[in-house]
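Please open the model in the viewer and keep the selection panel at hand.

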Amino acid sequence: MTSVQPRPDYGAWMTVYGPGLRRYFRRRVPEQDVDDLVQDVFTRLQSAQANDAIENIEGYLFRTAHNVLVDRYRKQAARVSLLHEDWGEGHDAPDPLSPDRIAIGREEYQRVLTAIRNLPPRTREAFELHRFENLTYQAIAERMSISRESVKDLMHRALVRIAEDRELDR
């Protein structure tokens, strides 16, 4: 006659061993992943439906926890590998900053600064407040005692004028 093993009491195991599993995972993964990993351990136990009685429950749980971590790391490594493969195809690494590129960048920077300096005073003030001090159009309007629509108009004029000046210098 075969004896029937009593079903494991997963709820009791969770109460007894859950805190230890959480500590185990906290030392190895970000806090936000801990509960999911503990749940994965108990999900694996339930799906395993072992026919033999588990003699060392704690050892079995922590061996399962270790396996859950190993699987997690393997999946992460596979995702990273796929991302690198996808990125590598058709994408060239950026070329290093050559002296020519640095010189061109400096010239462009000077052209933009000159274009900003050549803006009419109120247009330049609105532009500088928005671009350099990160003020909103509403804040600029209040500081300059004009309407928000006037700020939008000044910004539009500034951007058009800067773009035109840059093109003329080329």
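Select helix α4 and colour its buried residues, Glu108, Arg111, Ala115 and Ile116; buried means under 20% relative accessible area, exposed over 50%, and partly exposed in between, with a 1.4 Å probe and protein chains only. These residues lie on the same side of α4, because they cover an arc of only 135° around the axis, the arc being that of the directions from the helix axis to the C-beta atoms. Next select Pro99, Arg106, Tyr109 and Arg117, the exposed residues on the face of α4 turned away from its buried side. Helices (H or I, at least four residues) are DSSP runs, numbered from the N terminus.

This is a predicted model, in which local features need pLDDT of at least 70, side-chain atom pairs count only at pLDDT 80 or more, and totals for chains, interfaces and linings use all residues. Residues are numbered from 1 along each chain as its sequence is written, and side-chain values use heavy atoms, leaving out hydrogens and water.

Move to Arg72 in helix α3 (residues 57-88). Arg72 counts as buried because its relative accessibility is 17%. Leaving aside its neighbours within four places in sequence, Arg72 is in contact (heavy atoms within 4.5 Å) with Val29, Pro30, Asp33 and Leu37.

Finally, select Tyr24, Phe25 and Phe62, which ring pairs link into a cluster; rings of Phe, Tyr and Trp (its six-membered ring) pair if their centres lie within 6.5 Å, and planes under 30 degrees apart count as stacked, over 60 as edge-to-face and the rest as tilted. Tyr24 and Phe25 are edge-to-face, 5.3 Å centre to centre with 70° between the planes.

Notes
Helix = DSSP H or I, 4+ residues; strand = E, 2+ residues; numbered from the N terminus.
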